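Please look over the model shown below before reading the notes on its charges, rings and surface. The points that follow are grouped by topic.

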Amino acid sequence: MLTWYACDMNDHVKKLTEEAAKLSPNDRAELVEGILETLVPTRTEIDERWRIEALDRYAAYKRGEIPAIDFDEVLNGHRRRIETRSYE
């Protein structure tokens, strides 16, 4: 039996959903995890994106497009914002 979310599915997806419904709960859970892994970036992909971002930022810094800010200055700025935050 298909539920409300299946009403707009194409025929191929409907057939897959019907077949998946025949699986045991554990097998369905594994199937869902496998499908989600294809949609959500893996840790490796995220790390690679951050690596590229860091290289791009460093290149922009070397070209003089962005300034360098001392770590202690950044940290102190965050501390000041936290200290002045009102929690009322």
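## Briefing on the predicted model

The structure holds five salt bridges, a salt bridge being a side-chain nitrogen of Lys or Arg within 4 Å of a carboxyl oxygen of Asp or Glu. This is a predicted model in which local features need pLDDT of at least 70 and side-chain atom pairs count only at pLDDT 80 or more, while totals for chains, interfaces and linings use all residues. Residues are numbered from 1 along each chain as its sequence is written, and side-chain values use heavy atoms, with hydrogens and water left out.

**Fold and exposure**

- The secondary structure of the chain comes to four helices and zero strands, where helices (H or I, at least four residues) and strands (E, at least two) are DSSP runs numbered from the N terminus.
- Read along the sequence, this gives the pattern α-α-α-α.
- Of the 88 residues in the chain, 6% are buried, with buried meaning under 20% relative accessible area, exposed over 50%, and partly exposed in between (1.4 Å probe, protein chains only).
- The chain exposes about 8,400 Å², of which carbon and sulfur atoms supply 57%; accessible areas come from the Shrake-Rupley method with a 1.4 Å probe, and for residues only the protein chains shown count as cover.

**Salt bridges**

- Side chains of opposite charge can pair when their charged atoms come close.
- Among the salt bridges is the one between Glu19 and Lys22, whose closest N and O atoms are 3.1 Å apart; Glu19 is partly exposed at 38% relative accessible area, whereas Lys22 is exposed at 64%.
- Glu48 and Arg51 also meet in a salt bridge, at 2.9 Å from N to O, and they are separated by about one helical turn because they are three residues apart in helix H3.
- Glu48 counts as partly exposed at 34% relative accessibility, as does Arg51 at 45%.
- Arg63 forms a salt bridge with Glu65, the closest N and O atoms being 2.8 Å apart, and both residues are exposed.

**Aromatic pair**

- A search of the whole structure finds one aromatic pair.
- Tyr58 and Tyr61 form this pair, which is tilted, with 6.3 Å centre to centre and 35° between the planes; rings of Phe, Tyr and Trp (its six-membered ring) pair if their centres lie within 6.5 Å, and planes under 30 degrees apart count as stacked, over 60 as edge-to-face and the rest as tilted.
- Both tyrosines, Tyr58 and Tyr61, lie in helix H3 (residues 43-62), three residues apart, about one turn of the helix.
- Tyr58 is partly exposed at 48% relative accessibility, and Tyr61 is partly exposed at 39%.

**Surface patches**

- Asp27, Glu30, Glu33 and Glu37 form a negative surface patch; patches are made of residues with over 30% relative accessible area and no salt bridge, like charges being joined within 9 Å and nonpolar side chains (Val, Leu, Ile, Met, Phe, Trp, Tyr) within 5 Å.
- Glu37, in helix H2 (residues 25-39), is exposed with a relative accessible area of 58%.
- A nonpolar surface patch of about 610 Å² is made by Leu23, Leu31, Val32, Ile35, Leu36, Leu39 and Val40.
- Leu23 lies in the loop between helix H1 (11-21) and H2 and is partly exposed, at 34%.
- Val32, found in helix H2, is partly exposed at 46%, and its C-alpha is 9.5 Å from that of Ala20, twelve residues away in sequence.

Methods. Lys and Arg count as positive and Asp and Glu as negative; His and the chain ends are not counted. The place of a charge is taken as NZ of Lys, CZ of Arg, CG of Asp or CD of Glu.
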